[in-house]
Amino acid sequence: MTTMKPAKNTILTCALGLIMMVFTFQASATKVGIIVGSLNAESSPSNAEKMCILKNLSSSASQRTQDLEFVFVQNKRSAKGTADAVMELLVKDVDIVLLPLISKEAQVASRILTQFNTPFVTSASSTEVIKDHKLGLSIMPSNRIQAELLARHFIKSHKQDSIHILRNSGDQYSSTIANQFVHSLMKLNPDIKIYNSNYKSTTINGFMQGLKDGDVVFAPLFNPHIAMVYTAAVASQKQITILGTDSVGGRSEFYDVVEEFSDNVDLQFVKNWNGEVKGPNSRDLRAYVKAYCPKDKSTFLTTYSYDLLRLVIDESSRLEKLTSKSDAINVLRSSGYITTMDGSPMNFDEAGYNYKPMYLYKITSDGNQLVKTLKFDEGIK
């Protein structure tokens, strides 16, 4: 008899241990990993704009609820640094990772996170970032979505039966989005004539001379190339429309190259934001910017950082109840969070990218001018 008592005690102890483990798991906070360029907020202007929101919004959330725990790591803006940052988060057993990174960095992170079945949410737009829609989301539209929006805009706003595609064949982004644009055009109008050309700085003037008045050119190029295309179009003295992607930017690096503007050349391009914060959380965002950020007004970086983090914060009670990390993506997909960037809920496609509105701008001598908002729920007729 005396030999049986320890066994009973052992069984009882193990049972209590299992109960405590289950209780502890259910009560534990959702651990959110966040990869930034540097933990030093002042390391660069862009890092400062993101960190002023991410650090202070996460701190406020931690004080309000025990459902969330935040872990910040830095990638030092390199591929190796990104891989190291991801491994550090995996060792700390985070439940979900936020990637407010450019596409090249986010692609490295997502590849490793997917291998370890760890969900992530990013601001990157490259279709190479999310390879498993059950594990990743982006709060931005993909390059494919952007190409489709621009194709719809062309069909709706231009009556031409042809279009010129000017791509940089040596650049993956330019080639990929050009192909996606052509694919979207052909679905909308199978009879349209496509003229493909490769961008070269030494031949751009000759390319423009070969165009006729009224021609439209789709040019998914970065600066300074897109600025050189515009300059060549102005020099041709022809009436030409150039459609560009968000790579145009319309920032100082464009205007520093361009010396002359012309009403004959209509360079239109899309941006993810029109500079206005919207929706029920706009006042809260403005308060954080005013209190903690280097600029008094919300920027693209502060705004998307707020939406990226607030999406997770608003769903903290639902995330805390999950028994599997991979279920987090389904929770966030169904979120009713209203973004400050667009003033509307996120609407994710099958691949995990946000079917958000984009904003069409044109280049003028007085700077960027908003033309219209492009939305998927608008017809093309």
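Reply: The model is a predicted one. Let us begin with a definition: two strands pair if DSSP finds at least two bridges between them.

Me: How do you know that strand 4 and strand 5 are joined?

Reply: Three bridges join strand 4 (residues 120-122) to strand 5, and the two run parallel. The definition asks for at least two bridges, so these strands count as a pair. Within this pairing, Thr 122 stands opposite Ser 138 in strand 5.

Me: What makes strand 2 and strand 5 edge strands?

Reply: The open sheet has five strands in the order 2-1-3-4-5, with parallel pairing. Strand 2 (68-74) and strand 5 (136-138) each have a single partner strand, so one side of each is left without a neighbour in the sheet. On average, neighbouring strands are turned by 20 degrees against each other, direction ignored.

Me: Which strands does helix 3 lie across?

Reply: Helix 3 (residues 79-91) lies across strand 1 (30-36), strand 2 and strand 3 (96-99). Its direction is at about 150 degrees to that of strand 2.

Me: Why is the largest pocket said to lie between domain 1 and domain 2?

Reply: Domain 1 (30-141 + 276-348) and domain 2 (144-271 + 359-374) both give residues to its lining, so the pocket lies between them. The pocket holds about 1,400 Å³ of space. Of its 39 lining residues, the closest to the centre are Ile 102, Ser 125, Phe 222, Asp 246 and Arg 251.

Me: How many residues of the lining are nonpolar, polar and charged?

Reply: The lining has 12 nonpolar, 18 polar and nine charged residues.

Terms used
Residues are numbered from 1 along each chain as its sequence is written. This is a predicted model: local features need pLDDT of at least 70, side-chain atom pairs count only at pLDDT 80 or more; totals for chains, interfaces and linings use all residues. Side-chain values use heavy atoms; hydrogens and water are left out. Helices (H or I, at least four residues) and strands (E, at least two) are DSSP runs, numbered from the N terminus. Axes are lines fitted to C-alpha atoms, for helices over the stretch in contact, and angles run from 0 to 180 degrees between N-to-C directions. Contact means heavy atoms within 4.5 Å. On a 1 Å grid over the protein atoms alone, a cavity is a set of points where a 1.4 Å probe fits but cannot get out, and a pocket is an open set with protein on both sides within 12 Å along at least five of seven lines; lining residues have an atom within 4 Å of a point. Grid points are joined across faces, edges and corners, and a volume is the space filled by probe spheres set on the points. Ala, Val, Leu, Ile, Met, Phe, Trp, Tyr, Cys and Pro count as nonpolar, Asp, Glu, Lys and Arg as charged, and the others, Gly among them, as polar. Domain bounds come from an automatic or database domain assignment.
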